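User: I am new to this structure and would like to know what some of the terms applied to it rest on. Please go through them one at a time.

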Amino acid sequence: MRKAGLLLTTVLLLTVLSAGCINSNSAGNKETLIIFHAGSLSIPFQQLEKEFQNYAKENLNVEVVFQDEASGSVKAVRKVTDLHREADIVATADYTLIPQMLVSNYTDFYVLFATNEIVIAFTDKSKYADEMKAHPEKWYEILARPGVTFGFSDPNQDPCGYRSVMVMKLADLYYEKPIFETLVEKNTNIYANGTHIYTPKEIELKTNKVVIRPKETDLTGLVESGSLDYFFIYKSVAEQHNLSYIALPDEINLKDFNKANYYGQVTITLGSTGKTIEAKPIVYGVTVLKDAPHRDLAIEFLKFLLGENGQRVFKENHQDFLNPPVAFGNVPDGIKDLVRVEK
């Protein structure tokens with residue numbers, strides 16, 4: 001009887017354990033995707049990640065948890081190269097940072113997927129806001145007026161920052177006036193020799209007219225609260241936050257692919273990396289790292305980003321998407337149908 005009872009107990013225990021295993025499998029696995037991305041991608045990526053979580057649960061039987069870190073793109077890349085932090089995906093506001101700093105030690109491919117342009121954003125609280133709206137061609141005169149404050153992100157950490165100062169140098173050429181000297185050199189230790197700009201490793205402010213923050217989205221709240229009058233920002237971010245903004249001429253806004261040679265007259269050397277960057281049309285890049293801890297799942301997310309879902313999400317968030325995206329390097333088979341592969 002004892003043997004029979006022991007056998008019955010064993011059978012019952014195995015049944016319970018078996019049922020537990022089935023329930024565990026049906027609930028799916030939990031995996032974490034680590035993404036380092038540009039601050040200007042925060043809002044579309046938040047939406048995309050939420051939608052991907054639902055997709056992965058229904059189609060991949062995986063519960064995805066995102067460890068999402070927004071920063072300036074240079075800082076995002078340096079988390080990998082300098083701090084040797086583990087990550088699955090890196091997405092930058094300047095695609096050239098990937099071939100310059102991540103290929104080939106950390107990744108062997110990258111994809112160009114979105115575009116943008118630099119605008120000057122403000123609110124009705126900003127000084128001379130009505131005049132800025134009525135006469136946007138006077139933007140540099142308004143920014144130079146006593147009592148008016150403006151900001152841009154740190155060129156050493158963020159592409160929007162170095163693009164902003166390059167826009168002001170391009171404005172010298174377009175308007176044939178010393179706009180860079182008036183707005184940048186008189187207020188910071190950033191300086192230019194001809195059309196080449198130098199950003200010291202430690203940026204110093206000479207006046208309280210200019211505000212600089214690590215990434216472009218750090219300035220949004222300052223403008224919304226009225227403590228900062230104007231800032232240089234991507235058009236998509238201005239739209240996402242319902243800010244007023246003025247569009248700049250195509251000759252200086254880094255939007256027009258046909259003006260790449262014109263933009264290229266201006267270059268900047270960053271004190272943070274020692275790299276020299278040429279002004280060019282704004283194009284975002286993304287890659288999955290070679291040693292990504294969840295590489296297969298990261299490729300699935302990349303497919304989601306580059307396909308119809310990503311294009312829709314970016315359109316909803318006022319950012320232009322390349323159609324098709326353009327890929328370079330050892331492109332994974334999983335995304336080849338979604339991109340144009342270039343050598």
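Analyst: Two strands pair if DSSP finds at least two bridges between them. The model discussed here is predicted. In it, 3 bridges join S1 to strand S3 (residues 89–92), so S1 and S3 count as a pair. These two strands run parallel, and Ile35 has Ile89 as its bridge partner in S3.

User: What makes S1 and S2 a pair?

Analyst: Strand S1 (residues 29–38) and strand S2 (residues 62–71) are joined by 10 bridges. At least two are required, so S1 and S2 pair. They run parallel. Between S1 and S2 the chain passes through helix H2 (residues 42–59), in a right-handed β-α-β crossover. In S2, Asp68 is the bridge partner of Ile35.

User: Why is the crossover called right-handed?

Analyst: With the strands pointing away from the viewer, a clockwise path from the first strand over the helix to the second is right-handed. The path from S1 through H2 to S2 is right-handed, so it runs clockwise in that view.

User: How are the axes of H2 and H12 placed?

Analyst: The axes of H2 and helix H12 (residues 295–306) come within 11 Å and cross at roughly 120°. H2 passes H12 in a right-handed crossing. Among the residues that meet are Phe45 and Phe52 in H2, and Leu297 and Phe301 in H12. The residues of this contact divide into 8 nonpolar, no polar and 3 charged.

User: How many residues of domain 1 and domain 2 are in contact?

Analyst: 22 residues of domain 1 are in contact with 22 residues of domain 2. The C-alpha centres of the two domains lie 27 Å apart.

Technical notes
Residues numbered from 1 in each chain as written. Predicted model: local features only at pLDDT ≥ 70, side-chain atom pairs only at ≥ 80, totals over all residues. Heavy atoms only, no water. Helix = DSSP H or I, 4+ residues; strand = E, 2+ residues; numbered from the N terminus. Axes fitted to C-alpha atoms, helices over the stretch in contact; angles between N-to-C directions. Left-handed = near helix turned anticlockwise from the far one by under 90°. Contact = heavy atoms within 4.5 Å. Nonpolar A, V, L, I, M, F, W, Y, C, P; charged D, E, K, R; others polar. Domains from an automatic or database assignment.
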